[in-house]
Amino acid sequence: MRFPHVLTPDIIADMGFSNLRLLLVLVGMVTVRLHAQNVQPGLEAAVKWKWSVLPSEEKDWGFPLVDPVPPPVTTSTNGATAEKKDPSAPAGTSIAPGNYEVKRGDALAIIARKSGVPVKQLKLFNALEKDVIRIGQILKIPTPAEMIALAPPTPAASTPGQSPAPAPKKGRKSPEKAPPEPEIDSVAEATLIQVFLDRENFSSGPIEGTEGGFVHTVSGLYRTVHPDLQTPEAFRAKAVTVVGEPFTTYQLKRSDFRFISAPKATMPPKPTGPAVTPRSQKAGTKPVPVLPAATPRPPVTYEELLAASYSAYRTPWEFVAERFHCDEAFLHSLNPKIKNTPTVETAFKVPNVMPFEIEKCFDSPLRPKADPEKPITAAIVEFSRLEIRQSDQLIATMPISRARPGLRGRGSWTILDAIAGPRLATRQEPTTAPKAAPEPGFALSSPEPTPPATSLAADQMLAAGPRNPVGVYWINLAKADSTTPLPYGLHGSGIPSRMKTQESLGGLRMTNWDIARAVRMLPEGTPLAWK
């Protein structure tokens, strides 16, 4: 068999076309993989289907509380009954800051272990000279802020080889040194500002204890309606007056576990390693710990989402983080001493916001009545935030993101009714009709699976709950002068920390704590402008 010594143009064209096809197939495969990583776990295929929103009933909001199982009782040889301890039960409940009455069997060491406060600081805070305590005695358990105030000043480190300063001689006064300037806790300062803005309904999203980005945007908007707070000093003074301390303490209650799934996932790692100082940090401030990227929990599958009777929080950490409007990794950094899975009475250090109370999602009235004397208007600004005005005065702003990348609007829309505890239903009908198969050899077929040609005979349902893809509330939207709901609305989110990076179901999403406020500020019929 003889091969040509010269490649003809036809042969070169065929080789080029084959290589191009191979390249495009590889690009398509990479694109599909990246798309799957940018979609909320479990919804990789579901984002291509049509979904409808259905209401749920208040009786189905949360898991039923199960009475605690009494410990088993065994009979001893002499006929007396003895309580058998459950080896899986925790060693003891935690003690929250505040007044604590000493009980039988208590000792300072036991109280210190349960409260997380060292014995030395307990004695100092309660003016105890000895370790002896008595039953009925009231001890004061200090808060984290009070513990910091009790801490002795850190001695200045001496240079190696440098001898200590000689003691002043008797009869000669040593020169007085100026007191050192107090160290500024940059995390507490940043949290104070975020908490203050959040309390004023000027939300910057999950609280992370850092300044910059959207926080500066929101604080600038707040200053536009408060001209007396233009200087940093005046702004901080107002924040201290409204908030007080940037942090407070929250103790898990038994009723909280109505909204938390049984623990089965591992916790993300706590911040480790030395603190580092970012370049933008001011001199004289404490170094800010850099939080490591949390190891993701096992991803949820679509089958698990369908099987759930309630879309609950996966861990107590998720519950507390959303209740107090903060990032979960930041919550871990505030509570490094909580090593095991939190249980009833576990005490958390949390941002001092007005908590999002998920147990009150169905409380009436859900919507306010329209007041012609003080009309409410709303606007979507730059696809990044919702602004709410009363009589043209800005009264609230909250970050939003698009659940679907192609969603956009213009002109004026109308805000319709709201649904508490929304469920999602689908028959896997594709949002767009599948394209006809191309002729072999002339076009490249997409590596994505072809949508089913027929829909299911019955609805598949995603249960209501805080981890439903559209969160705890859904507000229907319509075009101007229309009452027909659009297929997308204004709603919450099941992934607050990934709301701006992962595609999901729905339309315009907000954190659950923000949509809970917005739904009670926007009367039905409120005009919604796009800016």
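This is a predicted model: local features need pLDDT of at least 70, side-chain atom pairs count only at pLDDT 80 or more; totals for chains, interfaces and linings use all residues.
## Helix 5 meets helix 7

Let's start with helix 5, which covers residues 186-199, and helix 7, which covers residues 232-243. Their axes lie 9 Å apart, and the two helices pack at an angle of about 70 degrees. Angles from 65 to 115 degrees count as roughly perpendicular, and therefore helix 5 and helix 7 are described that way. As helix 5 passes helix 7, the crossing is left-handed.

Which residues make the contact? Helix 5 contributes Glu 189, Leu 192, Ile 193, Val 195, Phe 196, Leu 197 and Arg 199. From helix 7 come Phe 235, Arg 236, Lys 238, Ala 239, Val 240, Val 242 and Val 243. Sorted by class, the contact has ten nonpolar and four charged residues, with no polar ones.

## Helix 6 meets helix 7

Helix 7 also has a contact with helix 6, which spans residues 214-224. Here the axes come within 13 Å and cross at roughly 90 degrees. Helix 6 and helix 7 are therefore roughly perpendicular to each other.

On the helix 6 side you can look for Ser 219, Tyr 222 and Arg 223. They meet Pro 232, Phe 235 and Lys 238 of helix 7. This contact divides into three nonpolar residues, one polar and two charged.

Now for the strands. Strands of a sheet pair through backbone hydrogen bonds, either parallel or antiparallel. In this model, an open sheet of three strands has the order 1-13-14, and the pairing is antiparallel. Strand 1 (52-54) and strand 14 (460-462) are at the edges with a single partner strand each, so one side of each has no neighbour in the sheet. From one strand to the next, the twist averages 30 degrees.

How many bridges join strand 1 to strand 13? There are three, and strand 13 is made of residues 423-426. To see a bridge pair for yourself, pick Val 53: its partner in strand 13 is Leu 424.

Side chains of opposite charge can pair when their charged atoms come close. The whole structure contains 16 salt bridges.

Key. Residues are numbered from 1 along each chain as its sequence is written. Side-chain values use heavy atoms; hydrogens and water are left out. Axes are lines fitted to C-alpha atoms, for helices over the stretch in contact, and angles run from 0 to 180 degrees between N-to-C directions. Helices (H or I, at least four residues) and strands (E, at least two) are DSSP runs, numbered from the N terminus. Angles under 35 degrees count as roughly parallel, over 145 as roughly antiparallel, 65 to 115 as roughly perpendicular and the rest as oblique. A crossing is left-handed if the near helix is turned anticlockwise from the far one by less than a right angle, and right-handed if clockwise. Contact means heavy atoms within 4.5 Å. Ala, Val, Leu, Ile, Met, Phe, Trp, Tyr, Cys and Pro count as nonpolar, Asp, Glu, Lys and Arg as charged, and the others, Gly among them, as polar. Two strands pair if DSSP finds at least two bridges between them. A salt bridge is a side-chain nitrogen of Lys or Arg within 4 Å of a carboxyl oxygen of Asp or Glu.
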